[in-house]
Amino acid sequence: MKTVILIGARGKMGQAALTGLGKHKVITAGLSGDVDHIVDITDEQSIEALYQKVGHFDAVVNTVGVCEYAPFTEMSESQWMTTVMSKMMGQINLVRIGQKYIADGGSFTLISGILNVKPIPLAIADATTSGAIDTFAKCVAHEMPRGIRINVINPTVLKEAWDVYGEMMPGFEPVPSTLVGKAFERSVDGFISGQVLYVDA
Ligand SMILES: NC(=O)c1ccc[n+]([C@@H]2O[C@H](COP(=O)([O-])OP(=O)(O)OC[C@H]3O[C@@H](n4cnc5c(N)ncnc54)[C@H](OP(=O)(O)O)[C@@H]3O)[C@@H](O)[C@H]2O)c1
């Protein structure tokens, strides 16, 4: 059994990840609500405080990445920066700071999303930062110390989120949370590193 910090646990992707972490001790974290620890992934000090409070942990699973959706021609710098500071830098900082605290041989699992492979209107910021996170995980894996692994889950839309995103994703087939949970399980429990685990229908 590993001690796993699950960030964004109350969200739809957090709940999907949870289905794959059944054999572990899961410590939940998020911006608000009924979680073990409150953390803001856009704030370095908040990330540092989370890791210090938890103490020993073997894995970090992050499912947070706030994205702004708008046509490219109308998207403001502020909308871009919201997405960049959460989905890209927030996740990079979780790894940059977390590598100091995580146990030897531990793992990081990040979230991206299929829209960098299958673009749709309004989603340029999500697609761009998802692509950045896929690249980050593939390349930084070579620099991780102490046998630490890193992977990223790149799923299509969840069945459980189809009511929110379905209208903007014509022609997409949603996948069940439990299938996406398997990808998180493969990342945390396997020996792979530097991989993008696609879950698509
Ligand atoms: N849903 C899908 O079908 C799907 C598919 C592929 C990829 N993704 C990607 O997965 C990620 C999460 O999506 P989701 O559908 O799970 O969103 P969601 O249901 O809105 O959940 C987001 C979670 O993130 C937490 N959060 C927001 N800002 C935070 C911050 N600064 N620090 C810490 N926690 C924060 C929220 O906490 P509170 O509960 O406290 O507000 C919430 O629990 C997104 O990047 C999305 O693009 C989603």
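How much space lies in the largest pocket? In this predicted model, where local features need pLDDT of at least 70, side-chain atom pairs count only at pLDDT 80 or more, and totals for chains, interfaces and linings use all residues, the largest pocket holds about 920 Å³ of space. Residues are numbered from 1 along each chain as its sequence is written, and side-chain values use heavy atoms, with hydrogens and water left out. A pocket is an open set of points on a 1 Å grid over the protein atoms alone, where a 1.4 Å probe fits, with protein on both sides within 12 Å along at least five of seven lines; lining residues have an atom within 4 Å of a point.

The largest pocket is lined by 41 residues, of which Met-13, Thr-63, Val-64, Gly-65 and Tyr-165 are the closest to its centre. Helix 1 (12–18), strand 2 (25–30) and helix 3 (77–98) each contribute at least two residues to this lining.

The ligand takes up the space of the largest pocket (more than half of its atoms lie within 2 Å of the grid points). Around the ligand are 26 residues (a heavy atom within 4 Å), with Met-13, Ser-32, Asp-40, Gly-65 and Leu-158 nearest. A side-chain N or O atom of Ser-32 is 2.5 Å from an oxygen atom of the ligand. A polar side-chain atom of Lys-87 lies 2.9 Å from a ligand oxygen atom, and a backbone N or O atom of Ile-41 lies 2.9 Å from a ligand nitrogen atom.

Terms used: Polar contact = N/O pair within 3.5 Å; in protein donor to acceptor, adjacent residues only side chain to side chain. Points joined across faces, edges and corners; volume = space filled by probe spheres on them. Helix = DSSP H or I, 4+ residues; strand = E, 2+ residues; numbered from the N terminus.
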